Amino acid sequence: MSTSSSRVVDVHTHMYPPRYVELLESRDTIPLIRKFPGAEDPRYIILPAEAESLKNIGDDASSSHLPGRPVTSHYSSLKQKIHFMDTHKIDISVISLANPWLDFVASEEAGETAKTVNQEFSSMCAEYPGRLFFFATLPLTAPTDVLLSSIENVKNLKYCRGVILGTSGLGKGLDDPNLLPVFKALAANNLLIFLHPHYGLPSEVWGPRATEEYGHVLPLALGFPLETTIAVARMYLAGVFEQVPSLRMLLAHSGGTLPFLAGRIESCIVHDGHLVREGKVGPGRRTIWEILKEQVYLDAVIYSEVGLKAAIEASGVDRLMFGTDHPFFPPLGSDEQGVWESMSWNREAVEKALGVGSEGMERVMGGNAVEILRLRED
Ligand code: 5CU
């Protein structure tokens with residue numbers, strides 16, 4: 001493990017607590033967990049393209065192309081998470097439920113489900129004090145009063161440092177004015193939003209060959225980051241950051257493509273006659289660049305120094321936080337109990353972008369997270 005001055009913190013790492021696994025096992029539409037006769041592990045099926053394959057395959061497990069991904073012990077075993085952390089010299093993990101969270105849960109059940117799941121996260125953290133913290137899950141389909149009271153509930157959980165949120169919000173996206181009370185409550189309670197994609201882009205954009213021939217590459221590599229980019233651009237254009245200036249967001253996958261596209265977004269804004277006529281481009285407007293430096297943090301889950309340098313340029317080295325996306329992307333050619341590329345590639349990207357042993361590297365690998373997320377057990 002590293003010294004106290006150079007802690008390694010993983011801010012992007014998921015867990016599936018027992019209540020959530022039960023919920024997924026009980027379902028017959030996506031998201032679901034299904035066992036196939038003869039297959040070693042159950043499969044976790046979440047993406048629309050995987051639902052398509054599920055329909056075609058029925059219950060036949062003999063196929064070499066089972067839909068989804070295997071649900072191994074990495075998904076729900078706390079011992080396994082700690083083993084992963086120890087193997088990769090990660091001192092602290094900020095664990096969160098993975099997509100699609102509780103977005104699919106019936107309104108009348110969402111509040112209680114969130115409470116149970118958040119309590120399970122809290123108990124996991126309490127088993128390893130100082131090594132685990134968490135981002136809670138919100139019951140977004142619940143009535144507003146239930147949703148707001150769940151924020152009251154999680155703010156009192158000792159190890160909770162924020163909430164993980166998808167891009168659908170209450171069903172209409174994150175620029176929905178009805179979400180403002182939620183954003184205000186989160187900001188007022190110093191709970192950071194970890195924004196994470198799930199829905200990607202409509203399947204048609206991947207073309208007719210994608211499902212059979214291209215695996216999950218297009219929706220995961222491109223759909224996810226574009227979804228995040230679009231969600232934050234919509235929030236920016238709707239003025240959410242102006243209306244809730246103390247709102248803080250950590251964007252998954254180094255902000256999607258925002259660091260790369262922020263200049264183009266700015267250019268499109270100042271050249272948009274409609275916005276100019278409406279007085280939305282006048283003096284005093286904070287640019288998207290300013291939002292990236294003042295209200296946004298980025299994880300470092302981008303797997304290459306090229307993207308990472310853009311992220312650092314856009315938000316600043318003091319706003320980047322290391323992550324692994326465990327348990328997704330397990331190594332396929334080596335032992336899952338050993339080293340994962342998600343760790344080594346992301347670490348190498350930080351080394352190449354900032355220099356081995358540099359102060360910047362120490363900040364991105366953990367120092368920033370300890371400070372920003374208050375990761376001290378007290
Ligand atoms: O492999 C995948 O589908 C995923 C996912 O669903 N969520 C995530 O965070 N990473 C990979």
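Q: Where does Pro31 sit?
A: Pro31 is in the loop between helix H1 (18–25) and strand E2 (32–34). Keep in mind that this is a predicted model.

Q: And what's the peptide bond from Ile30 to Pro31 like, cis or trans?
A: That bond is cis, and its omega is near 0 degrees.

Q: OK, what about the bond that joins His326 and Pro327?
A: That's a cis peptide bond too, with omega about 10 degrees. Pro327 lies in the loop between strand E11 (320–321) and H15.

Q: Since you mention H15, how many residues does it have, and what span does it reach?
A: H15 covers residues 341–354, so 14 residues by the count given for the helix, and its first and last C-alpha are 19 Å apart. That is close to the 20 Å expected at 1.5 Å a residue.

Q: Which H15 residues are buried?
A: Ser342, Met343, Asn346, Arg347, Ala349, Val350, Ala353 and Leu354. Looking down the axis of H15, these buried residues fall within an arc of 150 degrees, so they line one face of the helix.

Q: Why does that kind of spacing point one way?
A: An α-helix has 3.6 residues a turn, so residues three or four places apart point the same way.

Q: What covers the buried residues of H15?
A: The cover includes helix H14 (305–315) and helix H16 (359–372).

Q: And what is H15 followed by?
A: Gly355, with a positive phi near 100 degrees.

Q: Switching to H7: which of its residues are buried?
A: In H7 (residues 180–188), the buried ones are Val182, Phe183 and Leu186. They take up an arc of only 95 degrees around the axis, which puts them on the same side of H7.

Q: What covers them?
A: The cover over the buried residues of H7 includes helix H6 (144–155), strand E7 (160–165), strand E8 (192–195) and helix H10 (240–243).

Q: Where is Asn190, and what's its phi?
A: Asn190 is in the loop between H7 and E8. Its phi is positive, about 60 degrees, although Asn190 is not a glycine.

Q: Is Asn190 buried or exposed?
A: Exposed: Asn190 has 12 other C-beta atoms within 10 Å.

Q: What about His253, what's its phi?
A: Phi of His253 is near 55 degrees, again a positive value in a residue other than glycine. His253 is in the loop between strand E9 (249–251) and helix H11 (258–270). His253 is buried, with 28 other C-beta atoms within 10 Å.

Q: Let's zoom out. What does the domain assignment give?
A: Domain 1 is 9–17 + 78–372, and domain 2 is 18–70. Their C-alpha centres lie 26 Å apart.

Q: How many residues are in contact across the two?
A: 15 residues of domain 1 contact 11 residues of domain 2. On the domain 1 side, the elements that give two or more residues are helix H5 (107–127) and helix H8 (210–213). H5 gives the most, with 4 residues.

Q: How do the residues on that side divide by class?
A: The domain 1 side that touches domain 2 has 8 nonpolar, 6 polar and 1 charged.

Q: Last one: which residues are around the ligand?
A: Ile46, Arg69, Ala98, Asn99, His216, Leu220, Asp325 and Phe328. By class, that shell has 4 nonpolar, 2 polar and 2 charged residues.

Note on methods
Residues are numbered from 1 along each chain as its sequence is written. This is a predicted model: local features need pLDDT of at least 70, side-chain atom pairs count only at pLDDT 80 or more; totals for chains, interfaces and linings use all residues. A residue is near a molecule or strand if its C-beta atom, placed from the backbone, lies within 6 Å of it. Ala, Val, Leu, Ile, Met, Phe, Trp, Tyr, Cys and Pro count as nonpolar, Asp, Glu, Lys and Arg as charged, and the others, Gly among them, as polar. The expected span of a helix is 1.5 Å times one less than its number of residues. A residue is buried if 20 or more other C-beta atoms lie within 10 Å of its own, exposed if 12 or fewer, and partly exposed in between; C-beta atoms are placed from the backbone. The arc is that of the directions from the helix axis to the C-beta atoms. Two residues are in contact if their C-beta atoms, placed from the backbone, lie within 7 Å. Domain bounds come from an automatic or database domain assignment.
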